[in-house]
Amino acid sequence: MIIDLERFVVDERPHWERLEKMLSEMERDPERRHPLRDVLEFHELYQRCSADLAKISTFSGELDLHRYLEGIVARAYGEIHAGTQQQRKLHVGRWFTQTFPSTFRRRIAPFWLSVAVTIAGCIFGAAAMKFDSEAKRTIMPFQALNESPTERVRKEEAAQNDRLAGRKSPFAAMLMTHNTQVTFFTMALGITWGIGTIIVLFYNGVILGAVGFDYIHAGQAPFLFGWLLPHGAVEIPAILVGGQAGLLLASAMIGWRSRETRRMRLRRILPDLITLIFGAAFMLVWAGIVEAFLSQYHAPVIPYGVKIGFGIAELAALSLFFARAGRNA
Amino acid sequence: MNVVKTGTLPLRTPEGIVFSLPLAGPASRFLALSIDLACITAASQGLERVFGVLKILSVGQALFAIVYFVLSIGYGIVTEWFWRGQTLGKRVVGLRVMDEHALRLEFSQIVVRNLLRFVDALPLFYLVGGAACFFTRHSQRLGDLAANTIVVRDLKPSQPDLNQLLGGRYNSMLEQRHLAARLRQRVPPAAASIALDSILRRDEFEARARLELFGELAGYFRGLVEFPPEATEQLSDEQYVRNVAEILFVKRA
């Protein structure tokens, strides 16, 4: 098709500029509801510019014009075909008390798998401690856990000074950031078809099982539960939720029994994925505070019964939260 | 795995319009990342000064640790969300994150592609992400694959120096207006772009390569539209291509 290019540009430029202006307004304020008249005008301009792009494609020398039109057609195409209403305002309270628990329940299958892998790791860790005398040195992640549980309990209970005096806040911050990083990493490893996520969950389970066996075997169960339960009642479920997110990502990557393409599967799970992972991060803030300010203080400063009771209460509240919260929303 | 990389992602709208997005390569992406890391480092240095006085108190140390963590994780998420797919580094280098189907970028996509940096950055210097970029068709790192995003070059069209085309010489082919119009119609944009680049960069070629290149190009253009001998005789191959480029690119009043 031979057209008078100069005249074509002069005639069409006002429409291109109008579409560009409308696009900039939409991009600046995505929540604005447009009147029907504007929507119809936008659609008409999009079709007109698309047709202009098709016409200009026959002009080899008009590369810049071609790119310019491609740019605005691509932007308009994105706005028209995006489908969902973009939501910029986030109501944190409603999101945490309704969206997070209901998403958790809707995606419960990968959570149970996450629990099963961790329990398998615990069994392995405990078995390794029972049958292999060298296992303790290999498994324990830091030196303090290598000493005898009885010796540690004796030292902790006899301590006169607060070893965390003046350092509780930085310690809590360190725990929060480190645990959140581990949880994000556990989720991100879902991209390896879940292999990485399963390895991290299993390894966590191995350490937990080994430590648990070591202390219970030494007759220090009250100390163990008093030490771990106050923060672990929230921290361990948070990491399991991170694993749930990772395994959800893995299930979309694998697509077992699904007729959808990988891209479609991933697009569908992404909002749930970020809800789970940010929910887990929120839980870890609480766990970090409890670990720094409560878990590190033992009897006689805080009786084990109080600490264990507190941990059980947290676990019950968390279970209730995940089971009931957001049901009526 | 046999992956054909084209450097562009062609898309077809339901209306039948085809447009293509120019994909960013690993090198430009690494440059943008380096700028972003420098920004995060500079911001954390600034924060350290701000928190310097407070850091005497344990609460100040805790606040600094948390703010630094949020900054390092949230920098990419916040900037890409508010600047529609661009961080500071991407702005400088001229890159933009887009949805793989050119749809509007969603918040969940931005979060996931940024959180998957934990894996892409392994084992060091983004080796996993770089390798993924190199081997995937649309130069995607693992975060892009999970979030269905691509990184494109945010092209700002620039006018080439068209005065170089003719060098003040008379273009005999322009006299044949109907043939010139047919040539504009038949030459594909990619071939027009090669002709223009060849002329603008002609002094960079070795003499032999220059002869071969312009010979090949002139042969190609001669095959598309046949001009009468009186318009083209005594024209060297290079002059022929110059004349063709002038017909294609120079606008006449």
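1. In this predicted model, strand β1 (residues 8–12) of chain B pairs with strand β2 (residues 18–22) of chain B in the antiparallel sense, and the pairing runs over five bridges. Within β2(B), Ser20(B) is the bridge partner of Pro10(B). Five residues lie between the strands of this hairpin of β1(B) and β2(B), and Gly16(B) takes a positive phi near 90° there.

2. Turning to the interface, 44 residues of chain B are in contact with 49 residues of chain A. Several elements of chain B each supply at least two residues of the side that touches chain A, including β2, α4 (107–115), α8 (177–186) and α12 (237–249), while the largest share, seven residues, comes from α2(B). By class, this side of chain B divides into 29 nonpolar, nine polar and six charged residues.

3. Chain A is divided into domain 1 (5–81) and domain 2 (92–324), and the centres of these two domains of chain A, taken over C-alpha atoms, are separated by 52 Å.

4. How do helix α10 (residues 221–254) of chain A and helix α12 (residues 304–324) of chain A cross, and at what angle? Their axes come within 8 Å and cross at roughly 25°; because angles under 35 degrees count as roughly parallel, α10(A) and α12(A) are therefore roughly parallel to each other. The crossing in which α10(A) passes α12(A) is left-handed.

5. As for the residues involved, those of α10(A), among them Phe223(A), Leu229(A) and Val234(A), meet residues of α12(A) that include Ile308(A), Phe310(A) and Leu315(A). The contact of α10(A) with α12(A) has 14 nonpolar, two polar and two charged residues.

Definitions and conventions. Residues numbered from 1 in each chain as written. Chains lettered and ligands numbered in written order. Predicted model: local features only at pLDDT ≥ 70, side-chain atom pairs only at ≥ 80, totals over all residues. Pairing = 2+ DSSP bridges. Helix = DSSP H or I, 4+ residues; strand = E, 2+ residues; numbered from the N terminus. Contact = placed C-beta atoms within 7 Å. Nonpolar A, V, L, I, M, F, W, Y, C, P; charged D, E, K, R; others polar. Domains from an automatic or database assignment. Axes fitted to C-alpha atoms, helices over the stretch in contact; angles between N-to-C directions. Parallel < 35°, antiparallel > 145°, perpendicular 65-115°, else oblique. Left-handed = near helix turned anticlockwise from the far one by under 90°.
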